[in-house]
Amino acid sequence: MTEELTYYCGEHVFLSFLKSKQLWLTSLSQSNDAAEGHWMRHYWLDLFKREQRLERQGAALCMDTASHDRLALGVCFSEERDLLSQWRGYAADGAGFSITFYREALEAVANEHPASKLQLTKIAYGYQDFEEINAIVRVLHDAFGEDARLYK
């Protein structure tokens with residue numbers, strides 16, 4: 001596991017961080033990555049066979065309702081200190097800044113505020129993170145599977 005995590009940002013966010021010494025959480029629905037969250041939704045729905053059309057529609061409705069009723073906030077870090085795609089996507093097309101933190105320090109901040117339910121969680125991307133994705137799918141199934149089957 002990487003000991004350091006890097007946060008890429010534009011100049012306004014960087015200046016705000018220097019002044020306030022705070023990182024702000026943002027709604028994950030406003031992420032720079034338009035596909036964030038959609039891939040997992042489609043992966044889970046694809047587990048319902050095409051002939052299970054009503055169950056699939058029920059699963060989609062359950063997930064959409066749950067995500068609409070809740071606000072997920074986050075701040076994203078990279079395990080890579082100098083990655084071109086991060087500079088382009090998050091640091092003003094390469095004109096911004098990167099700030100590197102120690103993982104242990106970020107975990108300590110989360111642990112110091114248990115009421116906030118802060119978690120430092122690795123994001124799963126695609127099939128290369130198969131085990132993590134299947135764990136998330138099990139949580140989705142436990143939460144929504146029965147309701148999806150009952151949907152009519």
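Modeller: We start with a definition: buried means under 20% relative accessible area, exposed over 50%, and partly exposed in between (1.4 Å probe, protein chains only). This is a predicted model, in which local features need pLDDT of at least 70, side-chain atom pairs count only at pLDDT 80 or more, and totals for chains, interfaces and linings use all residues. Residues are numbered from 1 along each chain as its sequence is written, and side-chain values use heavy atoms, with hydrogens and water left out.

Biologist: Is R103 buried or exposed?

Modeller: The cut-off for buried is under 20% relative accessible area. R103 has 13% relative accessibility, so R103 counts as buried.

Biologist: Which residue forms a salt bridge with E79?

Modeller: A salt bridge is a side-chain nitrogen of Lys or Arg within 4 Å of a carboxyl oxygen of Asp or Glu. Side chains of opposite charge can pair when their charged atoms come close. For E79, the closest N and O atoms of the pair are 3.3 Å apart, and the partner is R103.

Biologist: How many residues apart are E79 and R103?

Modeller: Helices (H or I, at least four residues) and strands (E, at least two) are DSSP runs, numbered from the N terminus. E79 sits in the loop between β3 and α4, while R103 belongs to helix α5 (residues 103-112). The pair thus links distant parts of the chain, and the separation is 24 residues.

Biologist: Which residue pairs with R81 in a salt bridge?

Modeller: The N to O distance in this salt bridge is 3.4 Å, and the partner of R81 is E4. R81 is in the loop between β3 (73-74) and α4 (84-90), 77 residues apart from its partner in strand β1 (residues 4-9), which is E4.

Biologist: Why do the buried residues of α5 line one face of the helix?

Modeller: In α5, the buried residues are R103, L106 and A110. The arc is taken from the directions from the helix axis to the C-beta atoms. Seen down the axis of α5, the buried residues line one face because they fall within an arc of 70 degrees.

Biologist: Which strands do the buried residues of α5 pack against?

Modeller: On the other side of α5, E104, N111 and E112 are exposed. Contact means heavy atoms within 4.5 Å. The buried residues of α5 pack against β1 and β4 (97-102).
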